[in-house]
Amino acid sequence: MKEKAAEKGTRTGFTTGACAAAAARAAMLGLATGQVPEHVEALLPNGSRVGFAVHDGRCDAAHAHAMVVKFAGDDPDCTDGAHLTVDLRLLPGQAGAVAWVAGDGVGTVTMKGLGLEVGGPAINPVPRRNIADNLREAAPGLLAEHGIEVTISVPDGQAMAKKTTNARLGILGGISILGTTGIVKPYSTAAWRASVVQGVQVAATAGHGMVALTTGGRTETFAMAALRAERPELPSACFVQMGDFLRYALDEAAAQGIGLVVLAVMVGKLTKIAQGETITHANRSEVDTDLVAAVARRIGATDEDCAAMAAAETARFGAELMVERGLGEAFHRALAQAAIDTLTAPARYGQAFRLRVLVCDFSGQQVADVWSDPVPPPPVPASAGRTSIAHILDVDP
């Protein structure tokens, strides 16, 4: 039976990180076997495996080169069709070492607040781990004896970067290598907005009186772990990846009469929500770092630190500074409360639902858990037959 083609507007694609990992895997196979394959099955960060066509493969005893063309699906991504190019260089005797280099068209980090070393390549942590995993799988014996230098290049990457906010974030000279799952979902399309609404509708029919809204794969993993520790029976249907479309998700939650909405977010999106943005795409609005500084001032940050936070380009800079100062928990709680105050204002959603904000850091660790009023009662012991959220909502678990 012929497989039905994906409907236009719903097709998923692959991140720059996933494509770079596939090219790196192919190049590593070239180093190990003497021939770069024309097709490779690569491991994605989400654990799945996908086949990629490999172009321009060549190698010798100490170097290998491969390229994968990015397909972005139906997401209007400026990197669609980009040539993710990887050059590997053997580092004799440096067992297990993986070094990173920004080639032509890949940006260099020039400012703090991105979780990357200043002066290093704009290759995000998850793609780095995923590329390294693919290298190890492709040639474990080789890495057991030697190291590998990985240079990632993207021809025309400097032109692509002009369509992004990279320069404002201090990433200069090209694009970033990104992706937490390896998959690009069409968050920016009407089809994806519709899928968010549909997801909330499905959650409403699941019978658990709640929906957890997450911004992507990392926050969804965090939310599932946190909430299932309280209610192990919560099905995946209660978790909806809303992407940047908070407004559509909350409108539908209110329309469906869902009693509890949980937002699982990190500091950047949380700041945008606190400042009143409910469409949080990077191209739609900028992070208000004056707000970040104001929140920090309320919890006792110094004038000097507040000035630095206001002048920064990212909310992450402020969050990490507050953690360094021992004010991380208070800062994240205050910012989460600011987001709750914004969303529960009478002009917004008022008392349409209870709101709980779970905040994680960039390693997926919880840094805040804040509820809208009234404060929920303490968890009911397991012997009482209910978990804490079930008790709060007065529903059967």
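**Close-up views of a predicted model**

At 59% relative accessibility, aspartate 156 counts as exposed. This is a predicted model, in which local features need pLDDT of at least 70 and side-chain atom pairs count only at pLDDT 80 or more, while totals for chains, interfaces and linings use all residues. Residues are numbered from 1 along each chain as its sequence is written, and side-chain values use heavy atoms, with hydrogens and water left out.

**View 1. Aspartate 156 in its loop.** Aspartate 156 belongs to the loop between β10 (147-153) and α4 (157-161). Helices (H or I, at least four residues) and strands (E, at least two) are DSSP runs, numbered from the N terminus. Exposed stands for over 50% relative accessible area, buried for under 20%, and partly exposed for values in between (1.4 Å probe, protein chains only). The phi of aspartate 156 is positive, about 70°, although this residue is not a glycine.

**View 2. Aspartate 56 in a strand.** Strand β4 (residues 55-59) contains aspartate 56. Its phi is near 60°, a positive value in a residue other than glycine. With a relative accessible area of 46%, aspartate 56 is partly exposed.

**View 3. Aspartate 244 and lysine 269.** Aspartate 244 sits in the loop between β15 (239-241) and α7 (246-256). Its relative accessible area is 10%, so it is buried. The side chains of aspartate 244 and lysine 269 make a polar contact (2.4 Å). A polar contact is a pair of N or O atoms within 3.5 Å; within protein, one must be able to donate a hydrogen and the other to accept it, and residues adjacent in sequence count only if both atoms are side-chain atoms.

**View 4. Helix α8 and its surroundings.** Six of the eight residues of α8 are buried, and the helix is mostly covered. The buried residues are Val267, Leu270, Thr271, Lys272, Ile273 and Ala274. They pack against α7, β16 (260-265), α9 (289-298), α11, α12 and β17 (354-360). Just after α8, glycine 276 has a positive phi of about 105°.

**View 5. Helix α8 against helix α11.** Two packed helices are described by the angle between their axes and the distance between the axes. Helix α8 (residues 267-274) packs with helix α11 (residues 315-324) at an angle of about 110°, and their axes are 8 Å apart. The two helices are therefore roughly perpendicular to each other. Val267, Gly268 and Thr271 of α8 meet Ala315, Arg316 and Ala319 of α11 in this contact, where contact means heavy atoms within 4.5 Å. Axes are lines fitted to C-alpha atoms, for helices over the stretch in contact, and angles run from 0 to 180 degrees between N-to-C directions. Angles under 35 degrees count as roughly parallel, over 145 as roughly antiparallel, 65 to 115 as roughly perpendicular and the rest as oblique.

**View 6. Helix α11 against helix α12.** The axes of α11 and helix α12 (residues 328-343) cross at roughly 140° and come within 7 Å. That angle makes α11 oblique to α12. On the α11 side the contact is made by Ala319, Met322 and Val323, and on the α12 side by Gly328, Phe331 and His332.

**View 7. Arginine 333 in helix α12.** Helix α12 includes arginine 333, which is partly exposed at 38% relative accessibility. Not counting residues up to four places away in sequence, arginine 333 touches Ala368, Asp369 and Val370. The C-alpha atoms of arginine 333 and valine 295 are separated by 9.8 Å, and the two residues are 38 apart along the chain.
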